[in-house]
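Here is a friendly walk through a protein model, one region at a time. Have the sequence and the 3D view open, and pick out each piece as we reach it.

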Amino acid sequence: MAEAMVAARASEETRKAQQVDVAVVGAGFAGLYLLHRLRRAGLTTVALEEADDVGGTWYWNRYPGARCDIQTIDYSYTFDPDLETAWTWSEKYATQPEILRYLGFVADRYDLRRDIRFKTKVMEAKWDEATERWQLTTSNGPAVSCRHYIMATGCLSAPKPPEIDGVKDFEGEVYFTGRWPHEGVDLAGKRVAVIGTGSSGIQSIPMIAEQAAHLTVFQRTPNFALPAHNGPAPADRLGLLQGDRAAYREQARWSMAGVPYPQQTSVSWQLSEAERRERFDKAWAAGDLVHILSQLWADQGVDLDGNRLVADLIREKIREVVKDPEIAAALTPHDHPFGAKRPCLDTNYYATYNRPNVTLVNLRQEPIKAITANGITTDKRSFEVDVIVFATGFDAMTGAIRAVHPITGRGGKSLSDVWADGPQTYLGLTVAGFPNFFMITGPGSPSVLSNMAVSIEQHVDWVVERLAALRDAGFTTIEATETAQAGWGQHMADCSMLTLHRLANTWYTGANVPGKVQGLMPYTGGVGPYRSICDEIVARGMLGFELTGPNVAAQRNDGEVVRLQPDVRIVLGMLAQLNLPPIESMGALGARAFVNEFNKSRPAGRPVGEVVDGTLQVADGPLPYRLYRPATPGPHPIVVYFHGGGWVLGDEQSDDPFCRDMCRRTGMIFVSVGYRHAPEHRFPAAAEDGYAATRWVAAHAAELGGTPGPVLVAGWSAGGNIAAVTCQLARDRGGPQISGQLLVCPVTDCTFDRPSYEENAVGYFLTRSLMYWFWDIYCSPTERTDPRVSPLRGKVAGLPPAFVVTCEFDPLRDEGIAYAEALAAAGVPVEQLQARGHFHSSFAMVDVVITGVTGRVQMADALRRFAGLPPEARRGEDASRGHAPPAHKIAAAAS
């Protein structure tokens, strides 16, 4: 009876609740656009906003100097061309008051306030299994019952409380930049302390210094700041926008950061010091954050050496501006790569420290002990102040969602509990176990690493279009699957290995909040790639979602939307867009010409000590080679390397970037040999050339600068085949001595019936039909079981130690694994690297497929072990890319 009464009371409360299709939390950029789109889609809606007006982040953040750091012609709604022409921004980087006026203008223009309940906080949200609706309890007015529940709470809307003892004891005024009084603060003639030098601190400190009698800045961690050079919108950018507004906006939507800049292709080592400085000075003078983060050189955000060049130039600028060398040193960041934390745009920030009324306290040298009644005490001295301003930032991304209220999903699951070990989402939009629940720019989406206006519009459009499609198809619930969510988490982790964000303690990772589980929360794969993934999910029948409805059959389309490494996906997408004819349709000569032209477009390989081209003489004639010598003093162990190309294509220069990279990582000489090709020279020409070249190099090791004694062999693809065959021939023909073999995606057998040939027949550049073509040109069917072309068919005992690399999306995957297993069974020490998410060409595409770094590090380590050398001292970015699973040893059976 009691249960019936409770159920009846709950039913009555539900009946009294405001009934809508969709409830939205927040009335900032995301919330306002949601209301507009939902209304157009014919969905009833209400927005619940804690503030008394629209604006979101820009309602609360009213501290002195608050501005956006994306140019306002880009940081604007783009959904309505009439809106764009109806509003004109007064500055390149608008102030908080102007942005707030803009959002109020939008709310009025589309009559959005009538669907907003102001001064209303959601106290609790529960998913009701029986009604398939979210039930919301609010602080003001009736409860809300909604079919779909959308968080538009923003990423930076939950201020982080101070972590210092004695705040309550302070008898002066205390302010937080994230909750600045709307009526303003008069700081004239007062002694002010600012704690924190993140974005809000860097923006507010110069303005506070102009008002205060004295300003004391307490800095724990310096950040990079760049001059905004604010003023009117730049004529060049404005001209691009006004010349073709639609094209400009579309380019932004498919760009990496949500701002229409092209992908930079020049890498740092291709540019002279003078060229790099010229590019930097031009960007510095322009005052454009996105430009200086992405347009100097292509490797600045992915490679520590390329990044350090930018950071050092900025450090020079700091020293030029700040007159006191000790203060300049304290303001200069050295603990993180440039861009790994959000750099700040400033107006006279560094120059402010030249003012006589400004003091900088370096908390690394003298941490704060306590806040007292009349000031702040460090472990060295005390500062009497009248006002304390906390510029200590936010509990970013997850804090903004969890701080609103408890959220309880299916089966009584609490979102806080589900996220106890860090946020788990699908696309940053949804969470498994929470039906009909969406987040706009949530953790797992580009959000704060993008132009938020562009990302917000993309998210809102995608969500509203899905809700309308669900309604039209008769579905009432949508929920992410656990498999899809786990796959997205893996893709997020893979993407994080592409950039240097993982090398900084920052609010991107939650490191600024004590006790918060750390992990890179925003999606680092780029705005355009993210958009394409969202579109792909729809095109593949809502992959990763389960849909249900009362009068339709349930639809569960489980799976992972991205299994390729993120950069591999981009490379394959670019190749697909070229719409090239199949290589096998070009004929041998045409294919060679195409490959040669394609190779010219690759980034140049990194510098090594010396590159020497030469010719070696063997019984069947001369063979060209290219030698790569390390910069370190010799002699060095020698690796004889064989290029890929199906025994038909390529030459000693084809794999130049790979050879340079391995030379640098191993500290060894690499000799890349150009062997004879089919159809002019069919089997066994390539195999015999490989063996003969290895004998020649071993015999001439000293004159090549090499260490006398055993050599090593390595090869990729068909070159891996030649390397494996060379080891067998050297064993059977009495030398030369070979101390180890590196086989990267090798051809080892002549059959096409393994699963990898079926799974990867098309779509991954090396196709099944291309392999048929290579085999037919090189070798007749009657010869293909010869161990000199199918080493898996030969005797594999007594061979040198091997490191075998295979890629998940490669027709040759299974035969490479089979060869490694055969070696182990014959007692040969062997390790395998089975590279998840990679395709056949991943490791040869150095500095294009950045996620291949970990694998190449492991290859280099293996070669050094084979040569009896100690492990190479790990470079910073290499050590940090330890995310990929290590190669595993295969237990060797007794032979």
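First, some ground rules. This is a predicted model, where local features need pLDDT of at least 70 and side-chain atom pairs count only at pLDDT 80 or more, while totals for chains, interfaces and linings use all residues. Residues are numbered from 1 along each chain as its sequence is written, and side-chain values use heavy atoms, with hydrogens and water left out.

Let's start with strand E1, residues 18-25. Helices (H or I, at least four residues) and strands (E, at least two) are DSSP runs, numbered from the N terminus. Strands pair if DSSP finds at least two bridges between them. E1 runs parallel to strand E6 (residues 144-151), and seven bridges join them. If you'd like one spot to look at, Gln18 has Val144 as its bridge partner in E6. E1 also runs parallel to strand E2 (residues 45-48), this time with four bridges. Here Val22 stands opposite Thr45 in E2. To get from E1 to E2, the chain passes through helix H2 (residues 29-40), and this β-α-β crossover is right-handed. The term says that, with the strands pointing away from the viewer, the path from the first strand over the helix to the second runs clockwise.

Next, look at strand E9, residues 214-219, where you'll find Gln219. Is Gln219 buried or exposed? Gln219 counts as buried, at 1% relative accessibility; the label means under 20% relative accessible area, while exposed means over 50% and partly exposed is in between (1.4 Å probe, protein chains only). Leaving aside neighbours within four places in sequence, Gln219 is in contact with residues including Thr197, Ala330, Tyr349 and Arg364. Contact means heavy atoms within 4.5 Å.

Cys344 sits in strand E11, residues 344-346, and is buried too, with a relative accessible area of 2%. Not counting residues up to four places away in sequence, Cys344 touches Gly198, Ser199, Ile202, Asn223, Phe224, Ala225 and Leu226. Pro227 is 117 residues from Cys344 along the chain, yet their C-alpha atoms are separated by 8.5 Å.

Now for an open sheet of three strands, in the order E13-E14-E15 and with antiparallel pairing. Strand E13 (368-371) and strand E15 (382-384) are the edges, each pairing on one side only. Neighbouring strands here are turned by 15° against each other on average, direction ignored. Strand E14 (residues 375-378) is joined to E15 by three bridges, and Gly375 stands opposite Glu384 in E15.

On to a pair of helices. H16 (residues 452-473) and H18 (residues 527-539) pack at an angle of about 5°, with their axes 11 Å apart. That makes H16 roughly parallel to H18, a label for angles under 35 degrees; over 145 is roughly antiparallel, 65 to 115 roughly perpendicular and the rest oblique. The axes are lines fitted to C-alpha atoms, for helices over the stretch in contact, and angles run from 0 to 180 degrees between N-to-C directions. Among the residues that meet are Trp462 and Arg466 from H16, and Tyr530 and Cys534 from H18.

Strand E19 (residues 477-480) points Thr477 and Glu479 one way and Ile478 and Ala480 the other, and all are buried. E19 pairs with strand E20 (residues 545-549) in the antiparallel sense over four bridges, with Glu479 opposite Glu546.

Now for some backbone details. Most residues other than glycine have a negative phi, and most peptide bonds are trans. In the loop between strand E24 (638-642) and helix H21 (656-666) lies Trp647, with a positive phi near 65°. Trp647 counts as buried at 0% relative accessibility. The loop between strand E25 (669-673) and helix H22 (685-699) holds Pro679, which a cis peptide bond joins to Ala678, with omega about 10°. Pro684 is in the loop between E25 and H22 as well, and a cis bond joins Phe683 and Pro684.
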